[in-house]
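Hi everyone, thanks for having me.

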Amino acid sequence: MELDLFPSAAEHCAGVVLDNLGRAYPYSAHHTQSSPDDRPTPSELHPSFYTSFDWHSCVHMHWLGVSVLNSVLGVGNAGAADDGGRGLDAATAAQLRAALGENLTAEKLAVEAEYLAANPSWERPYGWAWLVRLAAACAASPDEEIQGWGRNLEGCVDVVARLVKEWLAKAEYPVRHGLHTNSAFGVAFLLDAFRSLGRTDAVEACEAAARGWFGSDAGWASEWELSGQDFLSAGLSEADLMQRVLPADEFAAWLERFLPGLRADSRMLSVVGVTDESDGYMVHLHGLNLSRAGQIARIVQALKGASAASATEPVLAGALEPLLRAGLAALSSDDFMSTHWLASFAWDALESMTELAAA
């Protein structure tokens, strides 16, 4: 597979992040008012994450910015398609660092942590996942300033770790649709990030929930799952979580039961298009192409670790490049309904596909 599908990834994504962090409006505030006087501005509620249309998008734009800076430092995999991200000019890198550093201060993040603690189901689990993933990206950096942002995020991670454990202890059923509240997608990213940060209790809670929710699933209706505003494949999100939890041979057997007779022309693997770029829900389908690509890459890599060849592996692998090409083509849109989030999913998919190619 060619890895030059996004030859200027670092430069493009840095520009997207800087644009988003400078856009205070439009902003979709999901704050529940407690009185007629409870009308704070987004920046008062969320001094770190008050741009990029909504809180969770702002959080993962910060993750994208940190990922771009880390790629310049030789950390991560997405930069492999962009000569390590080293094409990013010094002035842009400095701008990006300054914009991120202005928001990721201890004082501002303490306010974010307080809000999360006071609103325990807010942004669950999607926003939580990106926040902990941001902290993990900062902590993994060799750069002292970026590491400092990670330390500033520790209070937020403490709150989310507690909330995750409380939620998973009582969540009898997962949410299975292809939007933000999808349980498998959020728990998968939380699991990786908590592992990276050494949060053992939260890791164990995520692993136990995954096994309990999905361990006995079989015969997923791969032709029925698509709806008109998905940006996630519910089935692939589940499989992507389970490949993180199960040993390779056990996962391969689970996947054969879960997706029996998967075909190359399955709707689960097909490229989808968008008829109206300005419609915030229809444009989710661009993200579906990208999230599918990233999830399939991780699933295929897990299958390669199994002792026996999987009949599903080549079917999945054949869908990768068409999905990524379609998703990357959507990055040419200048409509804010696309630009406030899609680049994060593109970077994530490219990281996973680059890692697969290097395996």
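Let's start with Ser52. Is Ser52 buried or exposed? Ser52 is buried, because its relative accessible area is 0%, and the cut-off for buried is under 20%. Before I go further, a reminder that what you're looking at is a predicted model.

Stay with Ser52 for a second, and look at the backbone. Ser52 is not a glycine, yet its phi is positive, about 60°.

While we're on backbones, let's do peptide bonds. Most peptide bonds are trans. Now, which kind of bond runs from Tyr25 to Pro26? That one is cis, with omega near 0°. You'll find Pro26 in the loop between α1, residues 9–21, and α2, residues 42–45. There's another cis bond to look at, joining Arg124 and Pro125, where omega is about -10°. Pro125 belongs to the loop between α5 (106–118) and α6 (126–139).

Two packed helices are described by the angle between their axes and the distance between the axes. Take α6 and α9: their axes come within 8 Å and cross at roughly 25°. Angles under 35 degrees count as roughly parallel, so α6 is roughly parallel to α9. The crossing of these two, α6 and α9, is left-handed. Who's touching whom? On the α6 side the contact includes Trp128, Ala129, Val132 and Ala136, and on the α9 side Phe185, Gly186, Phe189 and Ala193 are among the residues involved. Sorted by class, the α6 and α9 contact comes out as 14 nonpolar, two polar and one charged residues.

Now α6 with another partner, helix α16, which is residues 342–358. Here the axes come within 14 Å and cross at roughly 60°. That angle makes α6 and α16 oblique to each other. This crossing, α6 with α16, is left-handed too. From α6 we have Tyr126, Trp130 and Arg133, and from α16 we have Ser344, Phe345, Asp348 and Glu351. By class, that contact has three nonpolar, one polar and three charged residues.

One more pair, back to α9. Helix α8, residues 154–170, packs against α9, residues 183–197, at an angle of about 130°, and their axes are 12 Å apart. So α8 is oblique to α9, and the crossing of the two is left-handed. On α8, the contact is made by Val157, Val160, Ala161, Val164, Trp167 and Leu168, and on α9 by Ser183, Val187, Leu190, Phe194 and Leu197. How do the residues of that α8 and α9 contact divide by class? Ten are nonpolar, one is polar and none is charged.

Next up, cysteines. How many disulfides are there? The count is zero. Here's the reasoning: a disulfide needs a pair of cysteine sulfur atoms within 2.5 Å. The sulfur of Cys13 has its closest cysteine sulfur in Cys58, and that's 16 Å off, so it's too far for a bond. For Cys156, the closest cysteine sulfur is in Cys138, 11 Å away, so that's too far as well. Both of these cysteines are tucked inside, by the way: Cys13 counts as buried at 0% relative accessibility, and Cys156 counts as buried at 1%.

Last stop, Val271. Look in the loop between α12 (248–258) and α13 (284–304). Val271 counts as partly exposed, at 43% relative accessibility. Leaving aside residues up to four places away in sequence, Val271 touches Asn289, Pro322, Leu323 and Ala326.

Happy to go back to any stop you like.

Conventions. Residues are numbered from 1 along each chain as its sequence is written. This is a predicted model: local features need pLDDT of at least 70, side-chain atom pairs count only at pLDDT 80 or more; totals for chains, interfaces and linings use all residues. Side-chain values use heavy atoms; hydrogens and water are left out. Buried means under 20% relative accessible area, exposed over 50%, partly exposed in between (1.4 Å probe, protein chains only). Axes are lines fitted to C-alpha atoms, for helices over the stretch in contact, and angles run from 0 to 180 degrees between N-to-C directions. Helices (H or I, at least four residues) and strands (E, at least two) are DSSP runs, numbered from the N terminus. Angles under 35 degrees count as roughly parallel, over 145 as roughly antiparallel, 65 to 115 as roughly perpendicular and the rest as oblique. A crossing is left-handed if the near helix is turned anticlockwise from the far one by less than a right angle, and right-handed if clockwise. Contact means heavy atoms within 4.5 Å. Ala, Val, Leu, Ile, Met, Phe, Trp, Tyr, Cys and Pro count as nonpolar, Asp, Glu, Lys and Arg as charged, and the others, Gly among them, as polar.
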